[in-house]
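Dear colleague,

Please find below the structure that I promised to hand over, followed by my notes on it. I would be glad if you read the two side by side.

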Amino acid sequence: MIKPVLERLDSENQWFDIYALDTDAVENADIVSDLSIRSVPTLKIYKDGKEVETLTGAVPGDKLLAVLNKYK
């Protein structure tokens, strides 16, 4: 549900990068644990290599862009 929103934001904005992690893949279990991902979708926002915000659930595109713009 959130994938089309992320794809649209990524295509319209060039100042941030979006990465996806398959949380069901066994090989990613340690990463999921290290990032404390408990529900899907979980969006983690990083600035200068540090996590600055976490959003969970299906976030509307305008709200997500507003959050991202805080770190522009």
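A residue is called buried when its relative accessible area is under 20%, exposed when it is over 50%, and partly exposed in between (1.4 Å probe, protein chains only). Helices (H or I, at least four residues) and strands (E, at least two) are DSSP runs, numbered from the N terminus. This is a predicted model, in which local features need pLDDT of at least 70 and side-chain atom pairs count only at pLDDT 80 or more, while totals for chains, interfaces and linings use all residues. Residues are numbered from 1 along each chain as its sequence is written, and side-chain values use heavy atoms, with hydrogens and water left out.

In helix α3, the buried residues are Gly61, Leu64, Val67 and Leu68. Seen down the helix axis, they fall within an arc of 125 degrees (taken from the directions from the axis to the C-beta atoms), so they line one face of α3. Their cover includes α1, β1 and β2 (50-56), where contact means heavy atoms within 4.5 Å. Leu9 touches Phe16, Gly61, Leu64 and Leu65, if residues up to four places away in sequence are not counted.

In the loop between α2 (29-34) and β1 lies Pro41, which is joined to Val40 by a cis peptide bond with omega of about 0 degrees. Ser36 lies in the loop between α2 and β1 and has a positive phi, near 55 degrees, although it is a residue other than glycine; at 43% relative accessibility, it counts as partly exposed. Asp48, in the loop between β1 and β2, also is not a glycine and has a positive phi of about 55 degrees, and with a relative accessible area of 71% it is exposed. For background, most residues other than glycine have a negative phi, and most peptide bonds are trans.

Lastly, Ser11 lies in helix α1 and counts as exposed, at 52% relative accessibility.
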